Amino acid sequence: MLQKLAKHIDEQFPFLKEKKLLVAISGGVDSVVLTHLLHQLRFNISLAHCNFQLREKESDLDEVFVKELGESLNIQTFTTHFNTNEYAIKNKLSTQLAARDLRYSWFDTLSKENNFDYILTAHHADDNLETFLINLSRGTGLEGLTGIPSINGNIVRPLLPFSREEILTFAENNNIKWREDKSNAEIKYLRNKIRHQITPILKELNPNILNNFNKTIGHLKESQQIVNDKIEEITHQIVSKEGDLLKISIIKLLKLSNPKAYLYQLLKPYKFTEWDDVYNLIYAQSGKRILTKFYTLLKDRDFLLLLRTNEKTSFEEEHFIIREENKEITAPIKLLLKRVQEKTNTDNKSIYVDDELLSFPLKLRRWKSGDFFYPKGMLGRKKVSKYFKDEKISIVNKNKVWLLCSSKNEIIWIVGKRQDRRFLPTEKTTKLLKISI
């Protein structure tokens, strides 16, 4: 197997040579074999072991074993401890997902602190088949059926083509010792149920199933690449970007052969889960939105807008005071206030008001439902929301607009957009105030 792995690495992972590698090691046979193989091949490796404190004394003995292995092979070894159950409860995760989050987060930290180029894990062909069956049982798209990637960013899995049986045989033939995780024999977890109750039957029905499965995975990955190429083409046609904001044209999306499928492919990197709700957003009223932990998808007339959830996507109650003696403010925006003798040409970035009509302190605030003003150049009054609609200001952008108001909360200026005529200077005005962005 050493020759097979060496050939495999030469052909599939030539970039690993002369690189600084971090090997994730549990103490189980697969990660221990990977460590011995890479050591024999003289790769520059260090070991990283997580003690998840899930099996009491057994977890501690795994850690001792890994440290002793590192010492015997003269390999630098990192270890850490996690209160996995506490983390799982706090973050509402299963034990397995909690352990995965903790493990990869720590690996990432180690890599940055110690300049490791790649993180190597010991996933193998049986793991890949189990992941396929788990995803299949839960319902998934094409990407969920392409198995575990052999390369995912800086994560590399050199043993992926090899079966658990091959790895065990190599360990036994080379007198390699490892730690047996007794929890792997339990069937309370879905993966273990598949491992002990389903894959043995599949192997009995077809002893060559792993080889055939690897071929199937290869075909599915090729199909996935075709899909990715098409999505890239469609993205250029219907998606535009304004800073960190993505805009998906609903009109162009609905002209595609299968809008729901395309929308799924466009948005799957953003971790939405309720896909029927996502698709129905197309037909919802403007302002409807779907939130995830990190992203907001918002319906705005003929577009779906995607932005990070931590951006300000809702109305704010905060306000900022401007006193009569202030000549300048710098937060939340920069405004200059200057008493002048006469008007000059103006644009949207400045206004002139009758200073004697103002009641200080002035106030800068966000708009809210029910706000109205008396637009310059128009008769009557108008709701601010109607003004935004008529001017086709998007939901995201209108929530970034500031209102300059009097102490009586009368709108003086929709800053940078429209002045209120109630405060306009007249021929009788003797005190002019120029307010500029």
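In this predicted model, strand β20, which spans residues 411-414, pairs with β21 in the antiparallel sense, and two bridges join them. Within this pair, W413 stands opposite Q419 of β21, and the bridge partner of I414 in β21 is R418. The hairpin of β20 and β21 has three residues between the strands, and G416 takes a positive phi near 80 degrees there.

Strand β20 also has β19 as a partner: β19 covers residues 403-405, and the two strands pair in the antiparallel sense over three bridges. One of the residues involved is C405, whose bridge partner in β20 is I411. Five residues lie between the strands in the hairpin of β19 and β20, where N409 has a positive phi near 70 degrees.

Five strands form an open sheet with antiparallel pairing, in the order β12-β16-β19-β20-β21. The edge strands, each pairing on one side only, are β12 (319-322) and β21 (418-419). In general, strands of a sheet pair through backbone hydrogen bonds, in either a parallel or an antiparallel sense.

An unreviewed UniProt entry assigns the annotation "domain: Lysidine-tRNA(Ile) synthetase C-terminal" to residues 362-435. In the model, this span is 15% helix and 28% strand, and its end C-alpha atoms lie 12 Å apart.

**Backbone geometry**

Most residues other than glycine have a negative phi, and most peptide bonds are trans.

| Item | Backbone value | Feature |
|---|---|---|
| A331 to P332 | omega near 5 degrees | cis peptide bond |
| F360 to P361 | omega near 0 degrees | cis peptide bond |
| E18 | phi near 65 degrees | positive phi in a residue other than glycine |
| N115 | phi near 60 degrees | positive phi in a residue other than glycine |

P332 lies between β13 (328-329) and β14 (335-340), in the loop that joins them. P361 is found in the loop between β15 (350-354) and β16 (362-365). The loop between α1 and β1 holds E18, and the loop between α5 (95-114) and β4 (118-120) holds N115.

**Annotated binding-site positions**

For "binding site", UniProt lists S26, G27, G28, V29, D30 and S31 in an unreviewed entry.

G27 sits in the loop between β1 (20-24) and α2 (29-40). Its relative accessible area is 1%, so G27 is classed as buried, given that the class requires a value under 20%. Setting aside residues up to four places away in sequence, G27 touches V32, F65, V66, W178 and R179.

D30 is located in helix α2. Beyond its neighbours within four places in sequence, D30 is in contact with A122, H124, D127, L159 and I167.

**The second largest pocket**

The second largest pocket has a volume of about 530 Å³. Its lining consists of 26 residues, of which A125, L160, P161, F162 and N214 are the closest to the pocket centre.

Which element provides the largest share of the lining of the second largest pocket? That element is α9, from which eight residues come. Sorted by class, the lining of this pocket comprises eleven nonpolar, nine polar and six charged residues.

How values were computed. Residues are numbered from 1 along each chain as its sequence is written. This is a predicted model: local features need pLDDT of at least 70, side-chain atom pairs count only at pLDDT 80 or more; totals for chains, interfaces and linings use all residues. Side-chain values use heavy atoms; hydrogens and water are left out. On a 1 Å grid over the protein atoms alone, a cavity is a set of points where a 1.4 Å probe fits but cannot get out, and a pocket is an open set with protein on both sides within 12 Å along at least five of seven lines; lining residues have an atom within 4 Å of a point. Grid points are joined across faces, edges and corners, and a volume is the space filled by probe spheres set on the points. Helices (H or I, at least four residues) and strands (E, at least two) are DSSP runs, numbered from the N terminus. Ala, Val, Leu, Ile, Met, Phe, Trp, Tyr, Cys and Pro count as nonpolar, Asp, Glu, Lys and Arg as charged, and the others, Gly among them, as polar. Two strands pair if DSSP finds at least two bridges between them. UniProt positions are given in the numbering used here, feature names are shortened, and annotations may be inferred rather than shown by experiment. Buried means under 20% relative accessible area, exposed over 50%, partly exposed in between (1.4 Å probe, protein chains only). Contact means heavy atoms within 4.5 Å.
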